[in-house]
2 protein chains.
Amino acid sequence: MKILDCTLRDGGYYTQWDFENELVQNYIDAFNHLPVDYLEIGYRSNAMTEYFGEYFYCPTYVLEKIRQQSQRKLAIILNEKDVRAVDARSLLSPCLGYIDMIRIAVDPANFKRALSLAEEVRSMGFELSFNVMYMSKWSGNKCFLDFLPEANGLLDYFYLVDSYGGVYPEDVRQTIDMVKEKLECKIGFHGHNNLELALINTLTAIDSGADIVDATITGMGRGAGNLKTELLLTALNSRDNLQVNFNALSNVVSDFEKLQEQHGWGTNLPYMVSGANSLPQKNVMEWVTQRFYSFNSIIRALQNQKSGVQDNEHLPVFEAPKKYRQVLIVGGGPNAIKHSQAVQEYVKSQEDICIIHASSKNAKAYRDLSVDQFFCLVGSEGHRLEKVFEDFGDFKGACILPPFPRKMGTYIPDAVKKGTYELAKIDFTNKLTDTHTALALQTSIELGAEKIVITGYDGYQESTLTQLERSLSEENEYLFSAFIEAYKIDVKFITPTNYKGLPVSSVYSFLT
Amino acid sequence: MKILDCTLRDGGYYTQWDFENELVQNYIDAFNHLPVDYLEIGYRSNAMTEYFGEYFYCPTYVLEKIRQQSQRKLAIILNEKDVRAVDARSLLSPCLGYIDMIRIAVDPANFKRALSLAEEVRSMGFELSFNVMYMSKWSGNKCFLDFLPEANGLLDYFYLVDSYGGVYPEDVRQTIDMVKEKLECKIGFHGHNNLELALINTLTAIDSGADIVDATITGMGRGAGNLKTELLLTALNSRDNLQVNFNALSNVVSDFEKLQEQHGWGTNLPYMVSGANSLPQKNVMEWVTQRFYSFNSIIRALQNQKSGVQDNEHLPVFEAPKKYRQVLIVGGGPNAIKHSQAVQEYVKSQEDICIIHASSKNAKAYRDLSVDQFFCLVGSEGHRLEKVFEDFGDFKGACILPPFPRKMGTYIPDAVKKGTYELAKIDFTNKLTDTHTALALQTSIELGAEKIVITGYDGYQESTLTQLERSLSEENEYLFSAFIEAYKIDVKFITPTNYKGLPVSSVYSFLT
């Protein structure tokens, strides 16, 4: 039985496949002292249209460097959905002499197409493995199962991938038996840990005759993550007396635990629910890591997905009570508070102006203004509204939600249900339509705005930008640009902002 | 099949059984909407000689308040090792009318003694459960197994407790079968999560006929923690269609996740190793949560425990190369750097003085002084020494370790092995002998000190004291007091310190 560690490849989902050189070197060194047979160091890929880093492309100098340091067999993986047989030579020739095994991640729906890529890879002399996804849904896919025997003679390993992290040991046993009836190659198992079943599923796979299993240090990997290499080795050490150098192991674990503090992989309630119900964790990962949606929102969205509805209530469609020439959009950044006196003076000096709170975070500072106020409720924003306004005593605003159907469950506090509406559409973009910014901008249009002034969109310091902040910044910059492009409206950021390429003026220049 | 949530009881190990009122109220409220049958809210106990909080004693007002809020059955637990049959009436009478079930935590070695406590509890009219520990070791304990039938007719539930978190599903199945042959009452299962097997073990217990199982929110509980309530409910929801209010569930999970950020329960490599080898996790919990020992040290200590040795090498016993009238002890606090110029001036002005580095953290600031220097190496301090001195080029110090046998594996950098010694004894205390402070103080004695001056023992701000800092402060205050009491030596803290009741002077008052 062999073990493959794919920390760099699967962990890259959290770092866009960039890792510090020192971390990689320590990782490779540690595994020179550990009973693991293969290291999968990343992808090889055609150029993509978004940024992915070093270990997504594994250029030759990376292959060389790691080959030199490592005493283990090395693997890389191809995404079958993005790679055709004709691409194989150009992508893989640089791997010859450095890489021992090519794995191909295969959607069962594309199994037949994958066979021709496999033939090409095989002819280049690599060991070859298929990592076939969505094993919890195979038994309903007669067509795929019928094709299986065509892979005979072509593959070294055929992997069962528990993509959703939702299979149980008994499923593993049955699926291996089913595959073994149709296929003569060795069997692999790649588990995910949504339900904390990765270890027992992997041990069950081994006991059912699997020849190779995957794991990653600290479980680093997409969504809830993988079987933890340290857990597998510890279990095999005590159970089967596998010799493990625990000092080497704990060194590499410590390194990745530091990364984990930053990125926070591992299972949690939303991942458990998506796993248990075989729902894709791509959205969940985005919601959990990027958007700060509450668990409640995520759970409701998952329940909606499970029952096939995207949202569980139609709301009255928003119609502007009157038109406003000008709109002030208030974001959640500190400058909306720091400069609130000036901004309020500005509002008082204008006629025909209203306020849209993109986030409720700073709303309290503006509650005493007598102009009409609108509140954007995306995802869990209703909970924030509740906290900010406590008993809603003199709350007079209207609440606006994204158009139906909404992916993300939406919480509406009881006290404001009467004055809550959904937009009919968001028409200046078809991306990021469930964000505060898209909602606030579209609402401005519905309100008839000819001019928009903005506060509390502070952006972030370039020098200390985290991954999350960078992605939020890029999203907002995109939305503002798309909006200005589409509507040619006079937009001004009137308090300090780090956003780039957008029109700025100072609120103080408007005051007398 | 019933579910018992024991978050407050088992989670209390991390908070000394104190929880914020609001947290408890939200917890109770959430479970009024969740399919869980019992809430175990804490211990009842005779007075202990260390501090344990509200939910360790569960005074009447607590019982009343929770009974009023909760629509669930309530349980408390007794520690059999600290409670005799004669204590039962006084401990439990206040529970009458509030608490439905009394559970008793039983060491199999005391099973027979526990039966008389059980009879007393039973006679008071409570439902009664035995939570019998160490199930991974029962099969070797003929005596205990022979006594089992004596509990017939006495208990409502007999729990298997996987104290070490090291059993596998097959063990659960076999142990339940074994117990069922000897005992007629209902069976319970309480799993720990060291190997992430708590869910599968619990589901296996249910499938093997267990009538009640335990879980805690976010797995909060001693050491690696328990089966997560949210995981159990999610699995039973998808597997058996148990109706779960995921909004209530995610609310309570969010609350405890905030606590978890502070206390950090959950499994990790040391807990995995202790679980897989049925080693007690009491030490591991102390090492992981309090002492900041490296994983390497902990793993080595666990390997030592497993193979029955406490340390793997005898070192030469330290004998002072000469006697010094005065010793400067340098701790790891920032004031040893902030005031280092003054402290160095002081050292230069003295005759017959040497330096003991209790921690190597600040050692570099003092390396140019020409006096003799000694380095205390406890646990993983050798790694720190290595980082501080890099290649050890002109390192001339001697390293001192605690006496043999040492609980905690000790790492000695190769470059300093020649000049490394262990103390013969630590004689002014028998507590905390493996701490930096104990080692530094005892070394002062071995060096003949008549006067000790101290820097870098800054202590912590009372107002922002964390649990960990409080405990380290208390330890150090205790050690200094015990030392001064035992040796009547002139001790002075010469840079600012928050330690209380210890002799302080200013280094500046000694300079001319």
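These legends describe close-up views of a predicted model. Local features need pLDDT of at least 70, side-chain atom pairs count only at pLDDT 80 or more, and totals for chains, interfaces and linings use all residues. Residues are numbered from 1 along each chain as its sequence is written, chains are lettered from A and ligands numbered from 1 in the order in which they are written, and side-chain values use heavy atoms, with hydrogens and water left out.

**View 1. A buried salt bridge joins A:E40 to A:R103.** A salt bridge here is a side-chain nitrogen of Lys or Arg within 4 Å of a carboxyl oxygen of Asp or Glu. The closest N and O atoms of A:E40 and A:R103 are 2.5 Å apart. A:E40 sits in strand β2 (residues 38-43) of chain A and A:R103 in strand β4 (residues 101-106), 63 residues apart. Helices (H or I, at least four residues) and strands (E, at least two) are DSSP runs, numbered from the N terminus. A:E40 has a relative accessible area of 0%, so A:E40 counts as buried. A:R103 is also at 0% and buried. Buried means under 20% relative accessible area, exposed over 50%, and partly exposed in between (1.4 Å probe, protein chains only). Shared partners join A:R9, A:D10, A:E40, A:R103 and A:D214 into one salt-bridge network. Over all chains, the structure holds 43 salt bridges.

**View 2. Strand β3 of chain A pairs with β2 and with β4.** Two strands pair if DSSP finds at least two bridges between them. Four bridges join β2(A) to β3(A), and these strands run parallel. Five bridges join β3(A) to β4(A), again in parallel. A:E40 has A:A75 as its bridge partner in β3(A). A:L78 stands opposite A:I104 in β4(A). Strand β3 (residues 73-79) is mostly covered, with six of its seven residues buried. In a regular strand the side chains alternate between the two faces of the sheet.

**View 3. Two further salt bridges involve A:D156 and A:D82.** A:D156 meets A:R122 at 2.8 Å, N to O. A:D156 lies in the loop between α7 (142-147) and β6 (157-161), and A:R122 in helix α6 (residues 111-123), 34 residues apart. A:D156 is partly exposed at 24%. A:R122 is partly exposed at 31%. A:D82 bridges to A:K81, with the closest N and O atoms 3.3 Å apart. A:D82 is partly exposed at 25%, whereas A:K81 is exposed at 55%.

**View 4. A:W17 and A:F52 form an edge-to-face pair.** Rings of Phe, Tyr and Trp (its six-membered ring) pair if their centres lie within 6.5 Å; planes under 30 degrees apart count as stacked, over 60 as edge-to-face and the rest as tilted. The structure holds 62 aromatic pairs over all chains. For A:W17 and A:F52, the centres are 5.3 Å apart and the planes at 90°. A:W17 lies in the loop between α1 (7-15) and α2 (21-31), A:F52 in the loop between β2 and α3 (54-57). A:W17 is buried at 4%, and A:F52 is buried at 17%.

**View 5. In chain B, charges sit over the rings of B:Y159 and B:F510.** A charge sits over a ring if NZ of Lys or CZ of Arg is within 6 Å of the ring centre and within 35 degrees of the ring normal. B:R103 lies over the face of B:Y159, 4.7 Å from the ring centre. The charged end of B:K451 is 5.3 Å from the centre of the B:F510 ring.
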